[in-house]
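Let us walk through this structure together, one piece at a time. Keep the picture beside you and look for each part as it comes up.

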Amino acid sequence: MSARSGDMRVALAAHPVAWTLTRLARHGGPVVRVPGVGLVINDAMVAHEVLQRDAEFVKRAPGGFSEVVTQLFGPFALTNMDGEEHRRLRGMLGDLLSPANATQLLCGYEGRLAGLRTALERGETIDLVRFMRIMSGRLTFEMMGVRHPSDDADEAALALIALGERVAAVLRTRRLSERELRSCDRDVEQLVAFARAGYEADDAPPSSLVQRLRERGLSFEEARGVLLLFFVGGTLTTAAALPRIVALLVDSGQMTQVQADPKRIPQAIAEGLRFVTPLPATVRIASRDAQVGGRRIRAGERVVILTCNTARDSRLFAEPDRFDISRVHDPRTRSLWYGAGPHFCFGYALAQRELHAVLAALAAVPGTLRIVQRRAARGVLLPRLARLMVRLDGGTP
(Lines give C-alpha, C1' and ligand atoms only; values in the text may rest on other atoms or scores of the structure.)
Protein backbone atom coordinates (compact mmCIF):
# COMPACT_ATOMS: atom_id res chain seq x y z
CA MET A 1 0.00 0.00 0.00
CA SER A 2 1.32 3.46 -0.86
CA ALA A 3 1.74 6.06 1.87
CA ARG A 4 -0.73 8.41 0.20
CA SER A 5 -3.52 5.86 -0.30
CA GLY A 6 -3.06 4.37 3.15
CA ASP A 7 -3.48 7.69 4.91
CA MET A 8 -6.30 8.74 2.58
CA ARG A 9 -8.30 5.76 3.82
CA VAL A 10 -7.94 7.04 7.38
CA ALA A 11 -9.31 10.46 6.45
CA LEU A 12 -12.15 8.99 4.41
CA ALA A 13 -13.18 6.61 7.19
CA ALA A 14 -13.47 9.52 9.62
CA HIS A 15 -15.22 12.04 7.35
CA PRO A 16 -16.14 10.59 3.94
CA VAL A 17 -18.26 13.55 2.81
CA ALA A 18 -16.31 16.37 4.49
CA TRP A 19 -12.96 15.01 3.30
CA THR A 20 -14.19 14.82 -0.29
CA LEU A 21 -15.55 18.38 -0.16
CA THR A 22 -12.29 19.58 1.37
CA ARG A 23 -10.33 18.06 -1.51
CA LEU A 24 -12.62 19.81 -3.97
CA ALA A 25 -12.23 23.13 -2.15
CA ARG A 26 -8.48 22.79 -2.51
CA HIS A 27 -8.86 23.26 -6.28
CA GLY A 28 -11.08 26.32 -5.91
CA GLY A 29 -8.23 28.77 -5.39
CA PRO A 30 -6.38 30.32 -2.44
CA VAL A 31 -9.55 31.80 -0.91
CA VAL A 32 -13.04 30.51 -1.70
CA ARG A 33 -16.41 31.76 -0.48
CA VAL A 34 -18.65 28.79 0.29
CA PRO A 35 -22.35 29.52 1.00
CA GLY A 36 -23.36 28.42 4.48
CA VAL A 37 -19.73 27.88 5.50
CA GLY A 38 -17.91 31.19 5.10
CA LEU A 39 -14.62 32.25 3.61
CA VAL A 40 -12.52 29.11 3.13
CA ILE A 41 -8.74 29.46 3.06
CA ASN A 42 -6.52 26.95 1.24
CA ASP A 43 -3.45 29.18 0.92
CA ALA A 44 -0.76 28.73 3.59
CA MET A 45 0.48 32.33 3.57
CA VAL A 46 -3.04 33.78 3.78
CA ALA A 47 -3.79 31.39 6.64
CA HIS A 48 -0.64 32.49 8.46
CA GLU A 49 -1.64 36.14 8.01
CA VAL A 50 -5.15 35.57 9.38
CA LEU A 51 -3.80 33.73 12.44
CA GLN A 52 -1.46 36.64 13.14
CA ARG A 53 -4.25 39.25 12.86
CA ASP A 54 -5.89 38.12 16.10
CA ALA A 55 -7.66 41.43 16.76
CA GLU A 56 -9.53 41.21 13.44
CA PHE A 57 -10.12 37.45 13.39
CA VAL A 58 -11.22 36.20 16.77
CA LYS A 59 -12.22 32.92 18.36
CA ARG A 60 -14.87 34.03 20.85
CA ALA A 61 -17.88 34.82 18.68
CA PRO A 62 -20.98 33.06 17.35
CA GLY A 63 -20.13 30.79 14.44
CA GLY A 64 -16.90 29.39 15.87
CA PHE A 65 -16.07 26.54 18.23
CA SER A 66 -15.69 28.85 21.23
CA GLU A 67 -19.33 28.72 22.31
CA VAL A 68 -19.30 24.94 22.62
CA VAL A 69 -15.85 24.97 24.25
CA THR A 70 -17.20 27.38 26.87
CA GLN A 71 -20.27 25.21 27.44
CA LEU A 72 -18.07 22.17 28.02
CA PHE A 73 -14.90 23.50 29.64
CA GLY A 74 -15.79 26.92 31.07
CA PRO A 75 -14.60 30.39 30.02
CA PHE A 76 -10.86 29.85 30.53
CA ALA A 77 -9.94 27.23 27.92
CA LEU A 78 -7.54 29.45 25.92
CA THR A 79 -9.10 28.56 22.58
CA ASN A 80 -12.28 30.46 23.56
CA MET A 81 -10.39 33.57 24.67
CA ASP A 82 -9.11 36.62 22.82
CA GLY A 83 -7.17 39.82 23.38
CA GLU A 84 -5.90 40.94 26.76
CA GLU A 85 -7.72 38.20 28.66
CA HIS A 86 -6.03 35.55 26.56
CA ARG A 87 -2.62 37.23 26.82
CA ARG A 88 -2.95 37.44 30.61
CA LEU A 89 -3.64 33.72 31.00
CA ARG A 90 -0.93 32.69 28.52
CA GLY A 91 1.46 34.97 30.39
CA MET A 92 0.67 33.16 33.66
CA LEU A 93 1.49 29.84 32.00
CA GLY A 94 4.90 31.13 30.91
CA ASP A 95 7.41 28.31 30.32
CA LEU A 96 5.23 25.69 31.96
CA LEU A 97 5.64 23.36 29.01
CA SER A 98 9.04 24.54 27.83
CA PRO A 99 11.20 21.94 26.05
CA ALA A 100 13.06 21.23 29.32
CA ASN A 101 9.84 20.82 31.34
CA ALA A 102 8.27 18.69 28.62
CA THR A 103 11.31 16.40 28.64
CA GLN A 104 11.04 16.08 32.42
CA LEU A 105 7.38 15.06 32.16
CA LEU A 106 8.33 12.22 29.81
CA CYS A 107 11.23 10.90 31.88
CA GLY A 108 8.99 8.37 33.62
CA TYR A 109 8.18 6.65 30.33
CA GLU A 110 11.68 5.44 29.48
CA GLY A 111 10.91 2.01 30.92
CA ARG A 112 7.73 1.66 28.89
CA LEU A 113 9.56 2.67 25.71
CA ALA A 114 12.33 0.19 26.49
CA GLY A 115 9.62 -2.45 26.91
CA LEU A 116 8.28 -1.60 23.45
CA ARG A 117 11.71 -2.19 21.93
CA THR A 118 12.20 -5.44 23.83
CA ALA A 119 8.79 -6.80 22.80
CA LEU A 120 9.49 -6.12 19.13
CA GLU A 121 12.97 -7.66 19.36
CA ARG A 122 11.37 -10.81 20.83
CA GLY A 123 9.19 -11.04 17.73
CA GLU A 124 5.96 -9.91 19.35
CA THR A 125 3.25 -8.12 17.39
CA ILE A 126 2.45 -4.72 18.91
CA ASP A 127 -0.63 -2.53 18.44
CA LEU A 128 0.88 0.96 18.23
CA VAL A 129 -2.56 2.56 18.53
CA ARG A 130 -3.17 0.89 21.89
CA PHE A 131 0.38 1.70 23.01
CA MET A 132 -0.04 5.40 22.24
CA ARG A 133 -3.47 5.60 23.86
CA ILE A 134 -2.12 4.05 27.05
CA MET A 135 0.95 6.29 27.08
CA SER A 136 -1.09 9.44 26.43
CA GLY A 137 -3.75 8.49 28.97
CA ARG A 138 -1.23 7.81 31.71
CA LEU A 139 0.59 11.04 30.88
CA THR A 140 -2.72 12.91 31.24
CA PHE A 141 -3.34 11.40 34.69
CA GLU A 142 0.17 12.43 35.67
CA MET A 143 -0.32 15.99 34.44
CA MET A 144 -3.59 16.17 36.37
CA GLY A 145 -1.86 14.91 39.50
CA VAL A 146 -4.37 12.08 39.79
CA ARG A 147 -3.58 8.57 40.98
CA HIS A 148 -4.95 5.98 38.60
CA PRO A 149 -8.56 5.31 39.68
CA SER A 150 -8.28 1.52 39.32
CA ASP A 151 -5.85 -1.29 39.94
CA ASP A 152 -5.18 -1.57 36.21
CA ALA A 153 -3.46 1.67 35.22
CA ASP A 154 -3.39 0.77 31.52
CA GLU A 155 -7.13 0.11 31.35
CA ALA A 156 -7.77 3.36 33.24
CA ALA A 157 -5.65 5.22 30.70
CA LEU A 158 -7.56 3.68 27.79
CA ALA A 159 -10.87 4.60 29.45
CA LEU A 160 -9.66 8.19 29.92
CA ILE A 161 -8.75 8.55 26.23
CA ALA A 162 -12.13 7.10 25.20
CA LEU A 163 -13.86 9.54 27.56
CA GLY A 164 -11.98 12.47 26.02
CA GLU A 165 -12.92 11.34 22.53
CA ARG A 166 -16.59 11.22 23.44
CA VAL A 167 -16.39 14.80 24.68
CA ALA A 168 -14.42 15.93 21.61
CA ALA A 169 -17.04 14.35 19.34
CA VAL A 170 -19.62 17.01 20.25
CA LEU A 171 -17.43 19.98 19.28
CA ARG A 172 -19.04 21.98 16.48
CA THR A 173 -19.66 25.54 15.30
CA ARG A 174 -23.06 26.01 16.94
CA ARG A 175 -24.19 25.98 20.55
CA LEU A 176 -25.22 22.67 22.05
CA SER A 177 -28.85 22.27 23.03
CA GLU A 178 -29.75 21.40 26.62
CA ARG A 179 -30.41 17.84 25.50
CA GLU A 180 -27.02 17.60 23.81
CA LEU A 181 -25.32 18.99 26.88
CA ARG A 182 -27.05 16.50 29.15
CA SER A 183 -25.88 13.64 26.94
CA CYS A 184 -22.21 14.44 27.66
CA ASP A 185 -22.59 15.84 31.19
CA ARG A 186 -21.33 12.68 32.86
CA ASP A 187 -18.14 12.56 30.80
CA VAL A 188 -17.38 16.26 31.32
CA GLU A 189 -18.10 15.96 35.05
CA GLN A 190 -15.66 13.04 35.27
CA LEU A 191 -12.93 15.07 33.58
CA VAL A 192 -13.64 18.02 35.87
CA ALA A 193 -13.52 15.69 38.89
CA PHE A 194 -10.07 14.46 37.87
CA ALA A 195 -8.84 18.04 37.45
CA ARG A 196 -10.30 19.09 40.81
CA ALA A 197 -8.80 16.10 42.63
CA GLY A 198 -5.34 17.01 41.38
CA TYR A 199 -5.78 20.72 42.05
CA GLU A 200 -6.96 20.21 45.63
CA ALA A 201 -4.67 17.31 46.58
CA ASP A 202 -2.02 18.11 49.16
CA ASP A 203 0.08 15.12 48.13
CA ALA A 204 -0.06 15.52 44.34
CA PRO A 205 3.38 15.26 42.70
CA PRO A 206 4.93 18.75 42.51
CA SER A 207 5.87 17.99 38.90
CA SER A 208 2.21 17.59 37.92
CA LEU A 209 0.89 20.24 35.57
CA VAL A 210 -2.11 21.04 37.74
CA GLN A 211 0.06 21.75 40.79
CA ARG A 212 2.24 24.07 38.77
CA LEU A 213 -0.86 25.88 37.56
CA ARG A 214 -1.99 26.35 41.15
CA GLU A 215 1.45 27.57 42.21
CA ARG A 216 1.30 30.22 39.49
CA GLY A 217 -1.89 31.61 40.91
CA LEU A 218 -4.49 30.13 38.57
CA SER A 219 -7.91 29.61 40.13
CA PHE A 220 -9.48 26.17 39.75
CA GLU A 221 -11.78 27.50 37.01
CA GLU A 222 -8.76 28.75 35.07
CA ALA A 223 -6.73 25.59 35.69
CA ARG A 224 -9.56 23.26 34.67
CA GLY A 225 -10.11 25.13 31.40
CA VAL A 226 -6.42 24.91 30.51
CA LEU A 227 -6.16 21.24 31.49
CA LEU A 228 -9.28 20.06 29.71
CA LEU A 229 -8.52 21.95 26.51
CA PHE A 230 -4.94 20.70 26.59
CA PHE A 231 -6.18 17.13 26.98
CA VAL A 232 -8.91 17.20 24.32
CA GLY A 233 -7.08 19.46 21.86
CA GLY A 234 -3.53 18.25 22.45
CA THR A 235 -3.11 14.83 24.03
CA LEU A 236 -5.75 13.18 21.84
CA THR A 237 -4.26 14.60 18.64
CA THR A 238 -0.77 13.36 19.55
CA ALA A 239 -2.08 9.87 20.30
CA ALA A 240 -3.87 9.87 16.94
CA ALA A 241 -0.95 11.28 14.94
CA LEU A 242 1.87 8.90 15.92
CA PRO A 243 0.44 5.66 14.45
CA ARG A 244 -0.42 7.47 11.21
CA ILE A 245 3.13 8.81 10.94
CA VAL A 246 4.60 5.36 11.55
CA ALA A 247 2.30 3.91 8.87
CA LEU A 248 3.50 6.59 6.43
CA LEU A 249 7.14 5.80 7.21
CA VAL A 250 6.66 2.07 6.75
CA ASP A 251 4.47 2.32 3.63
CA SER A 252 6.90 4.72 1.94
CA GLY A 253 9.99 2.68 2.88
CA GLN A 254 11.43 5.65 4.78
CA MET A 255 11.37 3.97 8.20
CA THR A 256 14.70 2.37 7.31
CA GLN A 257 16.17 5.86 6.76
CA VAL A 258 15.11 6.89 10.25
CA GLN A 259 16.57 3.68 11.70
CA ALA A 260 19.84 4.26 9.87
CA ASP A 261 20.06 7.88 11.02
CA PRO A 262 17.98 8.82 14.11
CA LYS A 263 18.94 12.46 13.55
CA ARG A 264 16.26 12.44 10.86
CA ILE A 265 13.50 11.91 13.41
CA PRO A 266 12.63 15.65 13.66
CA GLN A 267 12.30 15.77 9.85
CA ALA A 268 10.08 12.69 9.93
CA ILE A 269 7.85 14.29 12.57
CA ALA A 270 7.56 17.59 10.70
CA GLU A 271 6.73 15.91 7.39
CA GLY A 272 4.43 13.42 9.10
CA LEU A 273 2.43 16.15 10.80
CA ARG A 274 2.25 18.10 7.55
CA PHE A 275 0.86 15.07 5.81
CA VAL A 276 -1.68 13.94 8.43
CA THR A 277 -2.59 17.39 9.87
CA PRO A 278 -4.27 15.95 13.01
CA LEU A 279 -6.58 19.00 13.24
CA PRO A 280 -7.83 19.36 9.64
CA ALA A 281 -9.39 22.82 10.13
CA THR A 282 -9.61 25.81 12.42
CA VAL A 283 -12.14 28.64 12.55
CA ARG A 284 -11.98 32.39 13.14
CA ILE A 285 -14.71 35.05 13.06
CA ALA A 286 -14.20 38.51 11.55
CA SER A 287 -14.60 41.11 14.31
CA ARG A 288 -14.96 43.89 11.72
CA ASP A 289 -15.07 44.39 7.97
CA ALA A 290 -11.73 43.39 6.48
CA GLN A 291 -9.82 42.05 3.47
CA VAL A 292 -8.60 38.44 3.30
CA GLY A 293 -6.52 37.31 0.36
CA GLY A 294 -8.07 40.00 -1.82
CA ARG A 295 -11.62 39.09 -0.73
CA ARG A 296 -13.89 41.32 1.33
CA ILE A 297 -15.31 39.88 4.51
CA ARG A 298 -17.91 41.47 6.77
CA ALA A 299 -17.97 41.56 10.56
CA GLY A 300 -19.44 38.38 11.98
CA GLU A 301 -18.56 36.21 8.97
CA ARG A 302 -16.73 32.93 9.49
CA VAL A 303 -13.22 32.22 8.22
CA VAL A 304 -12.47 28.51 7.87
CA ILE A 305 -8.78 27.69 7.55
CA LEU A 306 -8.47 24.23 6.02
CA THR A 307 -5.21 23.22 7.63
CA CYS A 308 -5.20 19.98 5.66
CA ASN A 309 -5.15 22.05 2.44
CA THR A 310 -2.71 24.75 3.57
CA ALA A 311 -0.27 21.96 4.47
CA ARG A 312 -0.40 20.90 0.82
CA ASP A 313 -0.04 24.33 -0.73
CA SER A 314 1.88 23.56 -3.94
CA ARG A 315 3.49 27.01 -3.97
CA LEU A 316 5.36 26.18 -0.77
CA PHE A 317 5.52 22.39 -0.87
CA ALA A 318 6.72 20.84 -4.13
CA GLU A 319 4.74 17.69 -4.98
CA PRO A 320 2.60 18.27 -1.87
CA ASP A 321 0.89 14.86 -2.00
CA ARG A 322 4.21 13.06 -1.73
CA PHE A 323 5.42 12.07 1.74
CA ASP A 324 9.13 12.87 1.87
CA ILE A 325 11.10 13.21 5.11
CA SER A 326 13.97 14.88 3.25
CA ARG A 327 11.68 17.82 2.43
CA VAL A 328 12.90 21.19 3.71
CA HIS A 329 9.88 23.09 5.04
CA ASP A 330 9.50 26.74 4.17
CA PRO A 331 10.23 28.66 7.41
CA ARG A 332 7.28 30.99 6.75
CA THR A 333 4.83 28.17 7.37
CA ARG A 334 6.83 25.88 9.61
CA SER A 335 4.52 23.99 12.02
CA LEU A 336 1.47 25.87 10.70
CA TRP A 337 -0.64 22.84 11.72
CA TYR A 338 0.06 23.93 15.33
CA GLY A 339 -1.34 27.37 14.56
CA ALA A 340 0.42 30.72 14.51
CA GLY A 341 0.40 34.00 16.37
CA PRO A 342 -0.93 34.36 19.94
CA HIS A 343 -2.87 31.08 19.74
CA PHE A 344 0.09 28.93 18.70
CA CYS A 345 -0.31 25.56 20.41
CA PHE A 346 0.57 25.74 24.10
CA GLY A 347 1.52 22.05 24.15
CA TYR A 348 3.80 22.14 21.09
CA ALA A 349 7.00 21.18 22.94
CA LEU A 350 5.38 18.27 24.79
CA ALA A 351 3.77 16.90 21.62
CA GLN A 352 7.09 17.10 19.76
CA ARG A 353 8.97 15.30 22.50
CA GLU A 354 6.36 12.59 22.93
CA LEU A 355 6.41 11.85 19.21
CA HIS A 356 10.22 11.93 19.18
CA ALA A 357 10.50 9.55 22.14
CA VAL A 358 8.30 6.89 20.54
CA LEU A 359 9.89 7.17 17.09
CA ALA A 360 13.34 6.97 18.67
CA ALA A 361 12.32 3.76 20.44
CA LEU A 362 11.13 2.25 17.15
CA ALA A 363 14.22 3.45 15.29
CA ALA A 364 16.44 1.70 17.84
CA VAL A 365 14.97 -1.71 17.01
CA PRO A 366 17.23 -3.68 14.64
CA GLY A 367 15.40 -5.12 11.66
CA THR A 368 12.63 -4.13 9.28
CA LEU A 369 9.36 -2.97 10.82
CA ARG A 370 6.33 -4.36 9.03
CA ILE A 371 2.61 -3.62 9.30
CA VAL A 372 0.67 -6.88 9.66
CA GLN A 373 -2.78 -5.39 10.23
CA ARG A 374 -4.44 -1.97 10.23
CA ARG A 375 -7.93 -0.60 10.57
CA ALA A 376 -9.13 2.98 10.26
CA ALA A 377 -11.51 4.41 12.87
CA ARG A 378 -14.88 5.34 11.38
CA GLY A 379 -16.97 8.41 12.13
CA VAL A 380 -14.52 9.99 14.59
CA LEU A 381 -13.80 13.72 14.98
CA LEU A 382 -10.02 13.33 14.74
CA PRO A 383 -9.03 11.05 11.84
CA ARG A 384 -7.08 8.14 13.29
CA LEU A 385 -6.31 4.46 13.07
CA ALA A 386 -8.28 2.11 15.30
CA ARG A 387 -5.52 -0.49 15.07
CA LEU A 388 -1.97 -0.66 13.73
CA MET A 389 -0.32 -4.03 14.37
CA VAL A 390 3.43 -4.03 13.69
CA ARG A 391 6.26 -6.50 14.10
CA LEU A 392 9.76 -7.10 12.83
CA ASP A 393 10.20 -9.22 9.73
CA GLY A 394 10.73 -12.80 10.81
CA GLY A 395 8.87 -12.31 14.10
CA THR A 396 6.11 -14.65 15.25
CA PRO A 397 2.56 -13.19 15.07
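A search of the whole structure finds 32 salt bridges, a salt bridge being a side-chain nitrogen of Lys or Arg within 4 Å of a carboxyl oxygen of Asp or Glu. Before we look at one, note that this is a predicted model, in which local features need pLDDT of at least 70 and side-chain atom pairs count only at pLDDT 80 or more, while totals for chains, interfaces and linings use all residues. Residues are numbered from 1 along each chain as its sequence is written, and side-chain values use heavy atoms, with hydrogens and water left out.

Now for an example of a salt bridge: the side chains of E84 and R87 meet at 3.6 Å, N to O. Both residues belong to helix 5 (residues 83–93), where they sit three residues apart, about one turn of the helix. Helices here are DSSP runs of H or I with at least four residues, strands are DSSP runs of E with at least two, and both are numbered from the N terminus.

Next come the sheets. Strands of a sheet pair through backbone hydrogen bonds, either parallel or antiparallel. Two strands count as paired if DSSP finds at least two bridges between them.

Strand 1 and strand 2 pair in the antiparallel sense over four bridges, and V32 has V40 of strand 2 as its bridge partner. The two strands form a hairpin with three residues between them, and G36 in the turn has a positive phi of about 80°. Strand 2 (residues 38–41) also pairs with strand 8 (residues 302–305), this time in the parallel sense over three bridges. Here V40 has V304 as its bridge partner in strand 8, and I41 stands opposite I305.

Another open sheet has three strands in the order 4-10-9, with antiparallel pairing. Strand 4 (126–127) and strand 9 (369–376) each have a single partner strand, so one side of each is left without a neighbour in the sheet. Strand 9 pairs with strand 10 (residues 385–392) over seven bridges, and R375 has R387 in strand 10 as its bridge partner. Helix 8 (residues 128–144) packs on this sheet, touching strand 4 and strand 10, with its direction at about 110° to that of strand 10. Helix 12 lies across strand 9 and strand 10, running at about 130° to strand 9.

How do helices pack on each other? Two packed helices are described by the angle between their axes and the distance between the axes. Helix 10 (residues 178–200) packs against helix 12 (residues 220–252) at an angle of about 125°, with the axes 10 Å apart. That makes helix 10 oblique to helix 12; angles under 35 degrees count as roughly parallel, over 145 as roughly antiparallel, 65 to 115 as roughly perpendicular and the rest as oblique. Residues in the contact include L191, V192 and A195 of helix 10 and F220, A223 and R224 of helix 12.

Finally, helix 7 (residues 110–121) and helix 16 (residues 348–363) pack at about 30°, with their axes 9 Å apart. That makes helix 7 roughly parallel to helix 16. The contact is made by L113, L116, R117 and L120 of helix 7 and A357, V358, A361 and L362 of helix 16.

Methods: Axes are lines fitted to C-alpha atoms, for helices over the stretch in contact, and angles run from 0 to 180 degrees between N-to-C directions. Contact means heavy atoms within 4.5 Å.
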